[in-house]
Amino acid sequence: MEQEVLDKAKQWTTEAFDLETRQTVQNMIGSDQNEITESFYKDLEFGTGGLRGIMGVGTNRINIYTVGMATQGLANYLKASFDGEIKVAIAHDSRNNSPLFARKTAEVFAANGIKAYLFSELRPTPELSFAIRHYGCKSGVVITASHNPKEYNGYKAYWEDGGQLIAPHDKNVISEVQKIAGPQEVKWNADESLIEVVGDEIDRAYIDGLKSLCLSPEAVAAQSDLNIVFTALHGTGGTMVPRTLKELGFTNISTVAAQDEPNGNFPTVDSPNPEEAAALKMALEQAEQVGADLVMGCDPDADRVGIAVRNLDGELQLLNGNMTGSLLVYYLVQRWKELGKLDGNQFTAKTIVTSPIIKKISEQNGVPSYDVLTGFKYIAELIKNLEGKKQFIGGGEESYGYLAGDLVRDKDAVLSCVLIAEMCAWAKSNGKSLFELLIDIHAEFGFYLEDLISIKKEGKSGAEEIANMMEDLRNNPPKSIAGSDVVYLRDYKLGKVTNFGDGSISETGLPSSNVLQFETAEGTIVTARPSGTEPKIKFYFSVNGELKEKANYNQVKADLEMKIKTIQSELGLV
């Protein structure tokens with residue numbers, strides 16, 4: 001065992017730490033060298049989104065001390081940035097220790113003279129975003145690790161606009177957190193008068209806001225018995241989604257009872273991630289039993305949603321994030337047009353790895369659409385920058401996160417569930433299923449199909465391998481993909497777009513990010529992006545074709561799937 005690691009561990013056996021922590025560390029020192037190394041060999045990094053890690057004792061773990069140090073750093077930055085009263089909002093999800101970490105966060109803020117609005121119970125992350133502006137806060141924190149395994153928890157920080165931290169605040173907060181040398185520099189003695197526990201009043205305001213964004217009340221009334229199955233996957237979605245759907249007017253909602261109960265161990269799923277088909281297995285089984293039209297399931301902090309609808313054969317079929325996103329943007333733009341609300345001052349947004357069909361749907365309806373880097377905080381930043389100039393209709397990212405309107409400044413699965421159900425009712429009132437509506441969209445705007453491959457490369461050697469893969473692609477870009485010449489190379493790290501057709505070079509117009517994107521003459525797009533939160537490199541694929549006859553949907557889809565497989569094989573990824 002390295003002496004440096006041992007010395008760090010021994011500091012956690014002093015009076016500065018609670019008895020349980022001291023005893024746990026002492027036992028680890030005497031018996032589990034591997035665990036003591038993993039827990040203390042480094043400090044858990046406060047990144048641009050906050051903290052995320054395995055729960056336990058140690059500097060490389062999520063616990064009350066690392067949470068306290070992060071909060072102290074954020075508090076210091078807030079006090080340096082704002083004069084007068086400073087207020088923050090704090091929420092948490094269903095994970096083990098989340099209520100404890102949320103309470104400790106509120107106490108540290110209150111010990112620093114900052115007023116804290118603390119949610120009385122678990123609530124969705126988007127409601128925290130809403131609460132920040134509702135209460136006039138300068139910042140906010142939600143305790144969540146999204147869809148990570150049960151051993152994990154996290155600490156996500158927000159700014160006064162209700163969006164996650166962006167430049168320059170992200171780097172500045174990181175700097176302040178790094179200055180906190182240890183728990184002894186944290187102010188722990190809370191002024192309890194500065195902690196206000198909030199409950200139904202903020203729920204009421206949030207739900208009223210969600211209902212105000214609905215566009216088809218007559219369709220909901222006509223299809224109030226739409227058969228919906230919802231699962232919270234043991235998370236926060238159960239607190240808001242069924243309630244809001246019922247208030248909107250839907251009467252035939254059933255939930256997956258075994259997954260209703262908030263439980264940080266997520267006992268009925270291997271992973272509470274709606275991107276994975278297995279997570280919605282119980283919901284799909286229940287939907288078959290009750291003959292449901294629509295299945296929806298949220299991740300634990302209810303900022304992402306996966307759905308299933310009936311296909312042309314009447315079978316339930318899961319839709320990927322690009323399909324759901326294109327349906328939502330089409331619905332929002334179409335309804336805004338039908339209601340006479342489009343006046344040239346609206347826009348939509350998506351990330352650079354999300355299907356191009358969203359931009360096509362928007363622009364062919366006269367609505368500008370913007371691309372941003374991967375991460376919903378960049379959509380929030382765009383909304384903020386265009387505030388007072390242009391209205392955000394909606395948009396999202398391929399990883400199942402969507403947003404509409406200006407109520408919230410982060411992806412919102414509660415709102416998404418409401419809009420998806422309403423969209424389903426609207427389509428049904430027009431004699432169509434959502435799947436038939438998706439086919440209509442492909443027929444009108446082109447058949448776009450996407451896929452994703454994630455390659456895990458763990459440890460120091462893995463990080464080096466990922467870096468080498470990116471540099472090789474950067475220095476030796478493919479000249480053609482699936483028989484079509486590569487026309488554009490977008491290097492977001494260098495901020496340059498190379499046009500191989502005429503040799504010109506232009507700027508991406510986006511912040512620097514280690515992402516490479518290749519686009520062919522046929523509009524095929526391949527994107528390579530190292531993950532910011534996991535030891536992975538991700539490859540995104542987008543291909544397109546024509547759907548001249550709706551009856552040929554399955555054949556065109558099969559052809560596009562084969563094209564994606566060919567590309568993956570060419571690049572040596574399968």
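How do the residues of the lining of the second largest pocket divide into nonpolar, polar and charged? Hold that question for the second stop. The model is predicted, with local features requiring pLDDT of at least 70 and side-chain atom pairs counted only at pLDDT 80 or more, while totals for chains, interfaces and linings use all residues. Residues are numbered from 1 along each chain as its sequence is written, and side-chain values use heavy atoms, with hydrogens and water left out.

**Stop one: strand 9**

Select residues 294–298, which form strand 9 (strands are DSSP runs of E with at least two residues, helices runs of H or I with at least four, numbered from the N terminus). Five of its five residues are buried, that is, under 20% relative accessible area with a 1.4 Å probe and protein chains only. In a regular strand the side chains alternate between the two faces of the sheet. Here L294, M296 and C298 point one way, and V295 and G297 the other.

Six residues lie between strands 9 and 10 in their hairpin, in which A302 takes a positive phi near 55 degrees.

**Stop two: the second largest pocket**

Select D43, T59, M69, I180 and A181, the closest to the pocket centre of the 23 residues that line it. A pocket is an open set of points on a 1 Å grid where a 1.4 Å probe fits, with protein on both sides within 12 Å along at least five of seven lines, and lining residues have an atom within 4 Å of a point. The lining comprises 13 nonpolar, seven polar and three charged residues, where Ala, Val, Leu, Ile, Met, Phe, Trp, Tyr, Cys and Pro count as nonpolar, Asp, Glu, Lys and Arg as charged, and the others, Gly among them, as polar. Helix 1 (3–11), helix 4 (64–81) and helix 7 (169–179) each supply at least two lining residues.

Show the open sheet with strand order 13-12-14-15 and mixed pairing. Strand 13 (369–372) and strand 15 (401–404) are at the edges, each with a single partner strand, so one side of each lacks a neighbour in the sheet. Strand 12 (residues 346–351) pairs with strand 13 in the parallel sense over four bridges, and the bridge partner of A349 is Y370.

Conventions. Buried < 20%, exposed > 50% of the residue type's maximum accessible area, 1.4 Å probe, protein only. Pairing = 2+ DSSP bridges.
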